[in-house]
Amino acid sequence: MQIKSLLVAITLPLTLVLTACSGGSNPDVSARQDVMKDWKDAMSVMGGMAKAPETFDLAKFQENAKFLAESANKPWAHFADKNQLGEATDAVWVNATEFKAETENFQKVTAELNTTAQNATTLEEILPALKPVGDSCQSCHEDFRKAKD
């Protein structure tokens with residue numbers, strides 16, 4: 001796998017995470033935005049190591065992978081009120097089955113990343129499990145996040 005394609009797959013979704021669900025002072029919008037900001041931070045740490053392998057710190061990578069897996073189910077309950085869009089589109093509610101599938105996939109790929117990271121000793125062992133997490137973020141944002149101007 002080429003490092004450049006991996007980095008694009010990781011960094012593009014990272015730029016979207018903060019704005020995925022931002023908006024207003026509604027507690028639900030704020031709660032989901034806060035979780036996704038924390039995900040962005042974790043992905044930035046791991047993506048930074050992927051971009052600069054000499055900075056690889058197994059313990060830090062494992063910590064961030066564990067965080068993603070353990071928090072992967074947190075923001076979805078905060079999409080209950082379809083009147084609180086934030087940066088989400090109404091597709092979240094109109095295509096609820098597809099949205100649920102995206103959330104379940106995110107939980108699956110973050111769990112797989114965590115399992116891989118916890119059992120790895122090298123960055124090379126982990127990288128194949130990192131890309132699906134970035135892909136999952138990007139896929140959901142393409143379908144369920146308002147486009148930026």
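**Entry 1: α3 against α6**

I began with α3 and helix α6 (residues 123-144), whose axes come within 12 Å and cross at roughly 25°. That angle makes α3 roughly parallel to α6. I read axes as lines fitted to C-alpha atoms, for helices over the stretch in contact, with angles from 0 to 180 degrees between N-to-C directions. For orientation, angles under 35 degrees count as roughly parallel, over 145 as roughly antiparallel, 65 to 115 as roughly perpendicular and the rest as oblique. The crossing of α3 and α6 is left-handed; the term applies if the near helix is turned anticlockwise from the far one by less than a right angle, and right-handed applies if clockwise.

I then looked up the residues that meet here: Leu58, Phe61 and Leu68 from α3, and Leu123, Ile126, Leu130 and Val133 from α6. Contact means heavy atoms within 4.5 Å.

**Entry 2: source and confidence**

I note that the model is predicted, that local features need pLDDT of at least 70 and side-chain atom pairs count only at pLDDT 80 or more, while totals for chains, interfaces and linings use all residues. Residues are numbered from 1 along each chain as its sequence is written, and side-chain values use heavy atoms, with hydrogens and water left out.

The pLDDT, which is the predictor's confidence in each residue from 0 to 100, averages 87 over the protein chain, and 83% of the residues score at least 70. Where is confidence lowest, and where is it highest? I found the lowest mean, 50, in helix α1 (residues 3-20), and the highest, 98, in helix α3 (residues 58-71). Over residues 14-23 pLDDT stays under 50, and the model has 34 contacts for this stretch beyond four places in sequence. Where pLDDT is low, the predicted coordinates should not be read in detail.

**Entry 3: the chain as a whole**

I recorded six helices and zero strands in the protein chain. Helices (H or I, at least four residues) and strands (E, at least two) are DSSP runs, numbered from the N terminus. Of the 149 residues, 43% are buried; buried means under 20% relative accessible area, exposed over 50%, and partly exposed in between (1.4 Å probe, protein chains only). Among contacts with a separation of 6 or more, residues 24 or more positions apart account for 74%. The chain exposes about 7700 Å², of which carbon and sulfur atoms supply 53%.

**Entry 4: α3 against α5**

I turned to the packing of α3 with helix α5 (residues 96-119), where the axes are 8 Å apart and the angle is about 155°. α3 is therefore roughly antiparallel to α5. Here too I noted a left-handed crossing, as α3 passes α5. On the α3 side the meeting residues are Leu58, Phe61, Gln62, Ala65, Lys66, Leu68 and Ala69, and on the α5 side Thr110, Ala111, Leu113, Asn114, Ala117 and Gln118.

**Entry 5: α2 against α6**

How do α2 and α6 cross? I found their axes within 11 Å of each other, crossing at roughly 130°, and the two helices are therefore oblique to each other. The contact is made by Met43, Met46, Met49 and Ala50 of α2 with Leu123, Leu127, Leu130, Val133 and Gly134 of α6. The crossing of α2 and α6 is left-handed.

**Entry 6: single residues**

Is Trp76 buried or exposed? Trp76 sits in the loop between α3 and α4 (91-94) and counts as buried, at 16% relative accessibility. Not counting residues up to four places away in sequence, I find Trp76 touching Met36, Trp39, Phe99, Thr103, Phe106 and Gln107. Between Trp76 and Phe99, 23 residues apart in sequence, the C-alpha to C-alpha distance is 9.6 Å.

In helix α6 I looked up Cys140, which is buried at a relative accessible area of 11%. Beyond neighbours within four places in sequence, Cys140 is in contact with Phe99, Glu102 and Arg145. Cys140 and Val92 are 48 residues apart along the chain, with their C-alpha atoms separated by 9.6 Å.

Glu125, also in helix α6, is partly exposed, with a relative accessible area of 39%. Leaving aside neighbours within four places in sequence, Glu125 is in contact with Thr116 and Ala120.

Lastly I checked Ser30, in helix α2 (residues 27-51), which is partly exposed at 22% relative accessible area. Ser30 and His78 lie 48 residues apart in sequence and 8.8 Å apart in space, C-alpha to C-alpha.

Notes: Areas by Shrake-Rupley, 256 points an atom, 1.4 Å probe, with all protein chains shown as cover.
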